[in-house]
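The questions below go through one protein model piece by piece, moving from single residues to helix packing and the nonpolar cores. Please keep the structure open while reading.

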Amino acid sequence: MKEITFARVDDRLIHGEVVTAWVPTYRINHIIIVDDTVARDPFQRRVLKTLAPRGVRVDPMNVKEAMDYLNGDNNEKERILLLTKSPTYYAKLAENGIQLPQVNLGGMGLRGDRKPFVKNVAADPSEIDAIKKLVAKEVHVFYQLVPEQRLIEITNLI
């Protein structure tokens with residue numbers, strides 16, 4: 001099984017905070033975007049690949065593709081950043097045996113049924129349920145916008 005270096009939820013996927021803060025902090029060389037819609041949209045795939053820093057591979061995948069890839073043989077040189085727009089994708093991965101080191105909640109804006117949760121995070125009932133499932137599987141779930149910022153534990157908020 002592949003080792004995931006860092007896992008983050010962020011509506012914007014690849015953007016300034018990810019490129020300038022998270023990628024260098026964890027020395028990421030492979031970003032896997034887990035999102036069924038993005039994975040099947042050629043335009044979004046192209047745009048996201050161009051936003052990555054030089055030397056960082058980007059692969060948008062649906063949940064099944066991500067599970068298959070992550071269940072492959074580990075490459076010690078590969079430093080994977082998983083990105084999704086919703087914690088529901090991480091709950092699906094965890095339910096199917098993918099080992100997540102942690103899940104960082106970043107920017108999750110207000111939309112649909114989402115209600116303010118903590119700082120820049122809004123979550124709908126299914127996302128709150130997904131976070132609870134992750135915590136039940138002993139995945140460390142926390143809010144932290146950038147590495148220099150104080151970490152806020154989510155377990156105290158659900």
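Q: Which residues does Asp36 touch, not counting residues up to four places away in sequence?
A: In this predicted model, Asp36 belongs to helix H2, which covers residues 36-39. Leaving aside residues up to four places away in sequence, the residues that Asp36 touches are Asn62, Val63 and Tyr89.

Q: Is Asp36 buried, partly exposed or exposed?
A: Buried residues have under 20% relative accessible area and exposed ones over 50%. The relative accessible area of Asp36 is 26%, so the residue counts as partly exposed.

Q: How far apart in space are Asp36 and Glu65, C-alpha to C-alpha?
A: Along the sequence, Asp36 and Glu65 are separated by 29 residues. In space, their C-alpha to C-alpha distance is 9.6 Å.

Q: How is H4 oriented relative to H5?
A: Helix H4, residues 63-70, packs with helix H5, residues 87-95, their axes lying 10 Å apart at an angle of about 45°. That angle makes the orientation of H4 relative to H5 oblique.

Q: Which residues of H5 meet H4, and what is the hand of the crossing?
A: On the H4 side, the contact is formed by Val63, Ala66 and Met67, and these meet Tyr89, Lys92 and Leu93 in H5. The crossing of H4 and H5 is right-handed.

Q: What is the distance between the axes of H5 and H6?
A: H5 also packs with helix H6, which spans residues 125-136. Their axes make an angle of about 35°, and H5 passes H6 in a crossing that is left-handed. The distance between the two axes is 8 Å.

Q: How many residues are in the largest nonpolar core?
A: The residues with the most contacts inside this core are Leu82, Tyr90, Leu93, Leu100, Val103, Leu105 and Phe117. Tyr90, for its part, touches Ala7, Arg8, Val9, Leu82, Leu83, Thr84, Leu100, Val103 and Leu134, not counting residues up to four places away in sequence. The largest nonpolar core has 34 residues.

Q: How many residues does the second, separate core have?
A: Besides the core that includes Tyr90, there is a second, separate one, and its members include Phe6, Leu13, Ile14 and Ile28. The number of residues in this second core is 17.

Q: What is the relative accessible area of Ile14?
A: Ile14 sits in the loop between strand S1 (4-9) and helix H1 (16-25). Not counting residues up to four places away in sequence, Ile14 touches Val19, Ile31, Ile33, Leu48, Leu51, Ala52, Val58 and Leu83. Ile14 is buried, and its relative accessible area is 3%.

Q: Where is Leu13 found, and what is its phi near?
A: Leu13 is found in the loop between S1 and H1, and it is buried with a relative accessible area of 3%. Leu13 is a residue other than glycine, yet its phi is positive, with a value near 55°.

Q: Is Arg27 buried or exposed?
A: Arg27 lies in the loop between H1 and strand S2 (30-34), and just after H1 it takes a positive phi of about 50°. Since its relative accessibility is 57%, Arg27 counts as exposed.

Q: Which strands are included in what covers the buried residues of H1?
A: The buried residues of H1 are Glu17, Val18, Ala21, Trp22 and Val23. What covers them includes the strands S1, S2, S4 (80-84) and S5 (102-105).

Q: How far apart in space are Thr155 and Thr5, C-alpha to C-alpha?
A: Thr155 is placed in the segment after strand S9 (152-153), and at 43% relative accessibility it counts as partly exposed. Thr155 and Thr5 are 150 residues apart in sequence, and their C-alpha to C-alpha separation in space is 21 Å.

Technical notes:
Residues are numbered from 1 along each chain as its sequence is written. This is a predicted model: local features need pLDDT of at least 70, side-chain atom pairs count only at pLDDT 80 or more; totals for chains, interfaces and linings use all residues. Side-chain values use heavy atoms; hydrogens and water are left out. Axes are lines fitted to C-alpha atoms, for helices over the stretch in contact, and angles run from 0 to 180 degrees between N-to-C directions. Helices (H or I, at least four residues) and strands (E, at least two) are DSSP runs, numbered from the N terminus. Angles under 35 degrees count as roughly parallel, over 145 as roughly antiparallel, 65 to 115 as roughly perpendicular and the rest as oblique. A crossing is left-handed if the near helix is turned anticlockwise from the far one by less than a right angle, and right-handed if clockwise. Contact means heavy atoms within 4.5 Å. Buried means under 20% relative accessible area, exposed over 50%, partly exposed in between (1.4 Å probe, protein chains only). A nonpolar core is a set of buried Ala, Val, Leu, Ile, Met, Phe, Trp, Tyr and Cys residues joined through side-chain atoms within 4.5 Å.
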